[in-house]
Structure formats: C-alpha cells, structure tokens
Amino acid sequence: MTFGPFSAEEAPAALAGLLDRFGSDTAVTIGVVPSLLTIAQAADVLGCSRRHVARLVDTGALSADFHGLHRRVLRSHVLDLAKQQAEVVTTVLDGLADLTRREGLYDPF
C-alpha cells in the first residue's frame, strides 16, 4: 500500500493503481488534506475511531498540539503511523500465510 501525498506527476499513476485495485465501479473522492488534522480527520486517515486516535495521543504514540481547546496532529505523523501499521499488518498476515502453508492448511485456488 502506498501513502501520499503524491506530486502532480505521481498522482495519475497512484489513482490508476487505486482504481485497478478496487475496480472500475469504485467511487473515489479527491480532496485537499490540511497539514494539521483534527482527531476525527486523523481517524479517517487511519481507518479507526476518534477515541482510538485520542488514546494514541494520550499515550504519546501520536504527538499533538493544542489549538485552543482542540488537539491537532500533523498529517505527516498520521501518515507515518499509517505506514507503520500497514507494515505490521503485512508482516503478521505473511507470517500467518507461511504458518498455514507449513502446516498443510493452505489450499491454493
């Protein structure tokens, strides 16, 4: 999985890859993502709940600054965390696939 931001030269290939991956009938929205994100926006990027992002901030796993009474997180930090999470998921799933192959539990199509 590739995370943005993408330059103007990279964007068409990234969009084409996204459509190839999810199919031509997939709806895609393109929008501007500010450099400072709210907790809700960070949750959307990470694909989790706002409460989970708030816990990540509270535990220090994700740094945030207060702007008034509201916390804001840097988009770059959220994207870094998303990349780390994707790497962990890939490692775990690859290990699970290897285990099922070794134990004879994997049936190829």
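These questions and answers walk through a predicted model of one protein chain.

Visitor: What pattern does the protein chain follow along the sequence?
Guide: The chain holds 4 helices and 3 strands. Read along the sequence, they give the pattern α-β-α-α-β-β-α.

Visitor: Is the protein chain compact or spread out, going by its radius of gyration?
Guide: For 109 residues the globule rule gives 13 Å. The radius of gyration is 18 Å, well over that value, so the chain is more spread out than a compact globule. The C-alpha trace spans about 55 × 35 × 20 Å along its principal axes. On the radius of gyration, then, the answer is spread out.

Visitor: Which strands stand at the edges of the sheet?
Guide: The sheet is open, pairs antiparallel and has the order β1-β3-β2. Two strands have a single partner each, so one side of each lacks a neighbour in the sheet. These edge strands are β1 (36-37) and β2 (65-67).

Visitor: Which residue in β3 is the bridge partner of F66?
Guide: β2 and β3 (residues 70-74) run antiparallel, joined by 3 bridges. In β3, the partner of F66 is R71.

Visitor: Why do the buried residues of α3 line one face of the helix?
Guide: Helix α3 covers residues 50-59, and its buried residues are V53, A54, L56 and V57. An α-helix has 3.6 residues a turn, so residues three or four places apart point the same way. Seen down the axis of α3, the buried residues line one face because they fall within an arc of 155°.

Visitor: What do the buried residues of α3 pack against?
Guide: The face turned away from the buried side carries exposed D58 and T59. The buried residues pack against α2 (39-46), β3 and α4 (75-102).

Technical notes: Residues numbered from 1 in each chain as written. Predicted model: local features only at pLDDT ≥ 70, side-chain atom pairs only at ≥ 80, totals over all residues. Heavy atoms only, no water. Pairing = 2+ DSSP bridges. Buried < 20%, exposed > 50% of the residue type's maximum accessible area, 1.4 Å probe, protein only. Arc of directions from axis to C-beta. Contact = heavy atoms within 4.5 Å. Rg over C-alpha atoms; globule rule 2.2 N^0.38 Å.
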